[in-house]
Structures are given as structure tokens and as C-alpha cells.
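Have a look at the chain, then read on.

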Amino acid sequence: MPRAAVSERIVREVRLEPDDNRRLARLCGRFDENLRRIEERLGVEIRNRGNDFRILGDAAGAVRAEGLLKEMYQLAVDDPLTPEQVHLLLQSTALTAASSMVVCGPDAVAIRTRRGMVRGRGANQQQYLQAILTHDINFGIGPAGTGKTYLAVAAAVEALERGQVRRIILVRPAVEAGERLGFLPGDMAQKVDPYLRPLFDALQDLLGPEKVERLMERGQIEVAPLAFMRGRTLNEAFIILDEAQNTTIEQMKMFLTRLGFGSTTVITGDTTQVDLPRQVTSGLRHAESVLNEITGISFTYFTSQDVVRHPLVQRIVDAYARGVDGGDGSV
């Protein structure tokens, strides 16, 4: 377990109230696994006798651990904390400590959906949500697991339910299908379903499968292969282009010029995961260089520190960034 220098170590004592042995057990986890996870991630030592906790570590880590224990105790009222919850709480406190840009409390950007409030975790997600609310074209660029697609879908759902747009349009390049899309069985939605599954998963999580199906039947949610967007003008719509790193320069230009009045566009992608032939320039990479100074277009960049999936995902992203993939950044 990483430890700070002895000269920098402090002791903080905290009492969690009210006393509740079952709640305390939910907080600590089986064999105190939640406490050990906090120790490992924050570089502190935690000892407790009942609800009295003693935290030993550097000043920043000890303060973060104290706040985390209090938050976890509040969440452990009825149910045990899952490993995912503990990870997300640790990730959130790490992001908060890393940047003073994070807005907390009532001023934090939040998306209201039928499944509850969706809030950005950390500075980059908060900036991303704020940009979507204030810009017509938004780019979210970064590694897998950083929430860029889920937050875009949440913003689209809120805009539709508030009547700010008339429809949601989901777009994704089907690189593997190429020109053979027409030979795949089923209707258009079924043809592109494998490529749009992450977007559908987010929609169903936020709205429920039945609601998503009804909205699709009414044309308020539309799936569209990127190649079929040419010639359209999209008014009063919330358009999401996912996996944009797999667009060509020509496709990206075509897509961006579909924007109509009253519409919002979000483009998400990971420039380290390009599936295009090596001699073809990614439209997302090109857009970064030619559009980054245009007023009305926002760019939000995510890093491995924003990953909200399993802790190993963050380590995998960092490993590839260090050149484990061969040095060219592509996989």
C-alpha cells in the first residue's frame, strides 16, 4: 500500500452518527474490503472501533478519506455498498481533489430524467454538460468509460422531454459493414443495431425499453447510418454521432453541415481507437485541428482520470497511452 512520507502524515479522527451496527457493516464491507480499497487508493491507513474511525495519512488523503467515509455511511442506510459504488465514489473524490473547476451543490450542472438526476462527475464531465447546454455543436473526445456517450444521451432525453427538440437522431459509422449494409437482414434499425447498441443501452437505462420502442415507432427516436445522412437538413433535433473517430474527413464535413435551426449536435469519439485503414485520416482528428477556434463549437477532452468503469479500465487506458500498443497510439 502506498504511503506518504512520515513527516507529512497526520491523524484525523471522525465519528459516524447515528450508531448503527448494520449500517456500519454495510459501510465497511465483507472483511472490511471497502476500507481496504480506500486505503489502497488514497494511500492512508484506517482503523476503527465501532463508529469511531482513525485515519492516518498525508493531509490531502486523510481529508478525502474522512469525507468519503461520511458519504458512504449516508449511502449505507438500507443496502450494502457495491464495489462499483465504492469505485465511483473514489473516482469522484479524486476528480474533485484534482481540480477546483468542479461545481458542487445546487449550482452543479444536472440533467433531469425520469430515472432521476444525472450529474457530471468531476471537472471534465461538468464542463461537457455545460457546453452541451450552451453550444450547438459539441465534441467529447477521450478514452472508453469516461461517460461521454451516456451524458450526451441523457442531455438528449431531457431536451426531448422538455419539448426543446422534436426528435433524437442517433448516428454511428458502421465501418465493419462498409457498403454491405443493404445485404444485412432486417429493417434499418435492425441492420445498424449492433453499431448503435451503446446508445440504445443508455436510452433504455434512462427511459426504459418500452418507452424507447414507442418513441421509435413515432419517429421521435431515429437511427441513421452515417452514409444515409447526406442531403438532409436536421431542424429541432438532438443529433449524436458516436464513434466519430471512424469517420473520414469528407464524412465529418458532411455530417456537421446537416445542422439545422433549433438543433444540438454532440460528436463523441476516442482518437486512440481508430478502425479506419492506416492511410485514411480520421475525420475526428482533422476536425480538432480545423474547428477548435470557431465560436459556437465546444471541445471537451477526457482523460483516464475520468473513467467511471472498473478501476482496471483506467489502468489499461494509461498502459496504452504509455506506448504498450506499439507507439503509434492506435489499437
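This is a predicted model: local features need pLDDT of at least 70, side-chain atom pairs count only at pLDDT 80 or more; totals for chains, interfaces and linings use all residues.

## Ground rules and overview

Helices and strands here are DSSP runs, numbered from the N terminus: a helix is H or I with at least four residues, a strand is E with at least two.

Of its 331 residues, 48% are buried. Take the contacts with a separation of 6 or more, and 73% of them come from residues 24 or more positions apart. The protein exposes about 17,200 Å², with carbon and sulfur atoms supplying 50% of that area.

## The largest nonpolar core

In soluble globular proteins, nonpolar side chains tend to be buried together. Here the largest nonpolar core has 32 residues, and the ones that touch the most other members are Val153, Ile168, Leu170, Leu203, Ile221, Phe238 and Ile240. Two or more residues each come from α5 (122-134), α6 (148-161), β7 (167-172), α7 (188-207), α8 (209-217), β8 (221-225) and β9 (237-241). Top contributor is α6, which gives nine residues.

Zoom in on Ile168. Leaving aside neighbours within four places in sequence, Ile168 is in contact with Ala156, Val157, Leu160, Leu203, Gln220, Ile221, Glu222 and Phe238.

Back to Leu199: is this residue buried or exposed? Leu199 counts as buried because its relative accessible area is 0%, and the cut-off for buried is under 20%. Beyond the four places on either side in sequence, Leu199 is in contact with Thr149, Val153, Leu170, Val171, Ile240 and Asp242.

## Around helix α1

Now for the N-terminal part. A cis peptide bond joins Glu17 and Pro18, with omega at about 0 degrees; Pro18 sits in the loop between β1 (9-15) and α1. Asp20 then caps the N-terminal end of α1, placing a side-chain oxygen 3.1 Å from the backbone nitrogen of Arg22.

Helix α1 covers residues 21-28, and Arg23, Leu24, Arg26, Leu27 and Cys28 in it are buried. What do the buried residues of α1 pack against? Their partners are α2 (33-42), β2 (45-49), β3 (52-58) and α3 (59-75).

## Positive phi angles after α1

Just after α1, Gly29 has a positive phi of about 85 degrees. Phe31 is not a glycine, yet its phi is positive too, at about 55 degrees. This residue lies in the loop between α1 and α2, and Phe31 is exposed because its relative accessible area is 71%. Asp32, also not a glycine, has a positive phi near 60 degrees. Asp32 is found in the loop between α1 and α2, and it is partly exposed at 29% relative accessible area.

Asn34 is in helix α2 and counts as buried, with 2% relative accessibility. Setting aside neighbours within four places in sequence, Asn34 is in contact with Arg26, Leu27, Cys28, Gly29, Met72, Leu81 and Val86.

Arg36 and Glu39 meet in a salt bridge through their side chains, at 2.6 Å from N to O. They are separated by about one helical turn, because they are three residues apart in helix α2. Arg36 is partly exposed at 33%, whereas Glu39 is buried at 6%. Glu39 also forms a salt bridge with Arg47, the closest N and O atoms being 3.2 Å apart. Arg47 is partly exposed at 48% relative accessibility.

## Other salt bridges and a surface patch

In total the structure holds 15 salt bridges. One of them joins the side chains of Glu222 and Arg232 (2.7 Å, N to O). That pair links distant parts of the chain, with Glu222 in strand β8 and Arg232 in the loop between β8 and β9, 10 residues apart. Arg232 is partly exposed, at 23%. Elsewhere, Arg15, Glu17, Asp19 and Asp52 are linked in a network of salt bridges.

On the surface, Leu312, Ile316 and Tyr320 form a nonpolar patch with about 280 Å² of accessible area together. Tyr320 is in helix α11 (residues 311-324) and is partly exposed, at 38% relative accessibility.

Definitions and conventions:
Residues are numbered from 1 along each chain as its sequence is written. Side-chain values use heavy atoms; hydrogens and water are left out. Patches are made of residues with over 30% relative accessible area and no salt bridge: like charges are joined within 9 Å, nonpolar side chains (Val, Leu, Ile, Met, Phe, Trp, Tyr) within 5 Å. Accessible areas come from the Shrake-Rupley method with a 1.4 Å probe; for residues, only the protein chains shown count as cover. A salt bridge is a side-chain nitrogen of Lys or Arg within 4 Å of a carboxyl oxygen of Asp or Glu. Buried means under 20% relative accessible area, exposed over 50%, partly exposed in between (1.4 Å probe, protein chains only). A nonpolar core is a set of buried Ala, Val, Leu, Ile, Met, Phe, Trp, Tyr and Cys residues joined through side-chain atoms within 4.5 Å. Contact means heavy atoms within 4.5 Å. A polar contact is a pair of N or O atoms within 3.5 Å; within protein, one must be able to donate a hydrogen and the other to accept it, and residues adjacent in sequence count only if both atoms are side-chain atoms.
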